[in-house]
Amino acid sequence: MTMLVRPAVAADQEAILALARGERLNPTDLDWPRFFVAEHQGVLVGAVQMRLHRDGARELGTLVVAPQARNQGVAARLIGTLLSHNRGRVFMVTGRKHAQHYARWGFSPIRPCQAPRGVSRNYWMGTCAGYVFATLQRRPRNPLVILDRVTAA
Ligand SMILES: CC(C)(COP(=O)(O)OP(=O)(O)OC[C@H]1O[C@@H](n2cnc3c(N)ncnc32)[C@H](O)[C@@H]1OP(=O)(O)O)[C@@H](O)C(=O)NCCC(=O)NCCS
């Protein structure tokens with residue numbers, strides 16, 4: 001799959017929103033300037049952003065790949081590109097069952113009380129939303145975990 005990973009531009013905003021909303025990801029702070037996107041034949045097929053919290057903490061978020069482009073390494077390329085532009089400590093919130101997948105980039109689990117306030121707030125918001133959707137849809141819950149990546153600045 002020929003794919004271009006690049007910083008987002010203003011014209012990508014609607015496609016970023018559509019990708020994020022399509023997967024019911026955290027709907028806050030979806031402004032294009034913090035995003036990298038993956039493009040295939042002129043179509044946006046993936047996105048990821050670095051959220052910047054008020055306390056300075058950075059959180060890899062809104063990782064999403066269009067269903068037709070999955071399992072071809074698009075997310076891995078987005079993560080690699082984002083992290084190569086953001087050295088130092090980065091957090092992320094993900095499903096507990098997928099936590100081990102992110103060890104290859106140096107992420108490891110921490111307890112919510114060990115995370116900066118903005119990151120733990122997103123964790124609790126996601127946990128509550130996940131609980132509500134799982135209950136309404138009668139599906140098993142996918143508990144979340146906070147991951148921490150500490151590297152040299
Ligand atoms: C998670 C997601 C971005 C992966 O995109 P992708 O381009 O298919 O990922 P890659 O091809 O780089 O890697 C596939 C791997 O991601 C893993 N993975 C990590 N997190 C995952 C998740 N939340 N859901 C599904 N697979 C996930 C898969 O297990 C697979 O691992 P394997 O290669 O060892 O089998 C994509 O499935 C997606 O958009 N899901 C919906 C939104 C979401 O759950 N985002 C994650 C928030 S942290």
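Two strands count as paired here if DSSP finds at least two bridges between them. With that in hand, here are the legends for this predicted model.

View 1. Starting at the N terminus, the order of elements is β-α-β-β-β-α-β-β-α-β. The radius of gyration is 15 Å, close to the 15 Å from the globule rule for 153 residues, so the protein is as compact as a globular protein of that length. Its C-alpha trace spans about 45 × 40 × 25 Å along the principal axes. Buried residues make up 27% of the 153. Among contacts with a separation of 6 or more, 64% link residues 24 or more positions apart.

**View 2. Strand β1 alongside strand β2.** Residues 4-7 form β1 and residues 35-40 form β2; the two run antiparallel and are joined by four bridges. Look for Val5, which stands opposite Ala38 of β2.

**View 3. The hairpin of β2 and β3.** Here β2 meets β3 (residues 43-52), again in the antiparallel sense, over six bridges. At one of these bridges, His40 is partnered by Val43 in β3. Two residues lie between the strands, and Gln41 takes a positive phi near 50° in this hairpin.

**View 4. The shell around the ligand.** Of the 15 residues around the ligand, those that come nearest are Arg70, Val74, Ala75, Ala76 and His98. At least two shell residues come from each of β4 (58-65), α2 (74-84) and β5 (90-95). Sorted by class, the shell holds six nonpolar, seven polar and two charged residues.

Notes
Residues are numbered from 1 along each chain as its sequence is written. This is a predicted model: local features need pLDDT of at least 70, side-chain atom pairs count only at pLDDT 80 or more; totals for chains, interfaces and linings use all residues. A residue is near a molecule or strand if its C-beta atom, placed from the backbone, lies within 6 Å of it. Ala, Val, Leu, Ile, Met, Phe, Trp, Tyr, Cys and Pro count as nonpolar, Asp, Glu, Lys and Arg as charged, and the others, Gly among them, as polar. The radius of gyration is taken over C-alpha atoms; the globule rule is 2.2 Å times the number of residues to the power 0.38. A residue is buried if 20 or more other C-beta atoms lie within 10 Å of its own, exposed if 12 or fewer, and partly exposed in between; C-beta atoms are placed from the backbone. Two residues are in contact if their C-beta atoms, placed from the backbone, lie within 7 Å.
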